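Hello,

Here is the structure I promised to hand over. Please open it first; my notes follow below.

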Amino acid sequence: MDGAGVIAQLSRDEPGPRPPRRGAPGLALGQKPRGRGLLRSLFCCLCQGDPEPPPRAPLLPPDEPGAKADGRTLLPEVQPQDAGKLCAVIDLDETLVHSSFKPVSNADFIIPVEIDGVIHQVYVLKRPHVDEFLQRMGQLFECVLFTASLAKYADPVADLLDKRGAFRARLFRESCVFHRGNYVKDLSRLGRDLRRVLIVDNSPASYVFHPNNAVPVASWFDNMADTELLDLLPFFEGLSRVDDVYSVLRQHRTSS
């Protein structure tokens, strides 16, 4: 069965609420249209393998500090080497890499992923300058990988991508909040002061609760001349030295 067939099969079998299918009328605000990554589309439909359904939108206003219902936060205590650093939440798909079921000759990684008892090969391309970007970000910030994809795909990709250990923690689909057809990354559940948290992501739907914490990046697929990650490093160098991200990021959005 090809990737599209797997999507259709899982969409039919999936229990409970799910995001609208790609290309269907009435896509939620900010939802990515068809064509922006077959793997992302597949994993947004693949809820059967989740250990539990994603939580619904929080009752707390999105800009207030929050925690999980049981009182636990998504992140552990700050490690000693990260004391005093801002927390940088970084997306995976189409921010750092692009993945596809279609074979490509220049794939950086090939990840086997089991879906319904069938092994599918996922071909992963690294965004240009991602190695330098992660190395420097890991020095400047407490970096957290936060993706709406499932761990069975994203964890092995992160193992190969993050050889220097920039990511102090990894958060996957089950840590997202399901809100209006999208998997949203609720930063208030991290257990960090929101004034000292930023999110680097290509999808506005992912940070719809916290747009004032966002450093948007353009979606990346296969342009090997792309320099966005490299170009952003001087900005992050300066941002790492502030006590409150809101004023700096507001100015950054205005000037962009």
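Which way do Val97, His98, Ser99 and Ser100 point from strand S2 (residues 97-100), and are they buried or exposed? Val97 and Ser99 point one way, His98 and Ser100 the other, and all are buried. Buried means under 20% relative accessible area, exposed over 50%, partly exposed in between, with a 1.4 Å probe and protein chains only. Strands (E, at least two residues) and helices (H or I, at least four) are DSSP runs, numbered from the N terminus. In a regular strand the side chains alternate between the two faces of the sheet.

Two points on provenance. This is a predicted model, where local features need pLDDT of at least 70 and side-chain atom pairs count only at pLDDT 80 or more, while totals for chains, interfaces and linings use all residues. Residues are numbered from 1 along each chain as its sequence is written, and side-chain values use heavy atoms, with hydrogens and water left out.

S2 pairs with strand S4 (residues 118-126) in the antiparallel sense, over four bridges. Pairing requires at least two DSSP bridges between the strands. Ser99 has Val124 of S4 as its bridge partner.

Next, the open sheet. Five strands form it in the order S6-S5-S1-S9-S10, with parallel pairing. S6 and strand S10 (214-216) are the edge strands, each pairing on one side only. The twist averages 20° from one strand to the next. Axes are lines fitted to C-alpha atoms, for helices over the stretch in contact, and angles run from 0 to 180 degrees between N-to-C directions. Strand S9 (residues 197-201) and S10 share three bridges. Asp201 has Pro216 in S10 as its bridge partner. H5 packs on the sheet and touches S9 and S10, its direction making about 155° with that of S10. Contact here means heavy atoms within 4.5 Å.

Now the rings. There are four aromatic pairs. Rings of Phe, Tyr and Trp (its six-membered ring) pair if their centres lie within 6.5 Å; planes under 30 degrees apart count as stacked, over 60 as edge-to-face and the rest as tilted. Phe141 and Phe236 have ring centres 6.0 Å apart and planes at 85°, so this pair is edge-to-face. The two residues are 95 apart in the chain: Phe141 lies in the loop between helix H3 (130-140) and strand S5 (142-146), Phe236 in helix H5 (residues 228-239). Phe141 is buried at 0% relative accessibility, and Phe236 is buried at 0% as well. Ring pairs join Phe133, Phe141, Phe235 and Phe236 into a cluster.

Best regards
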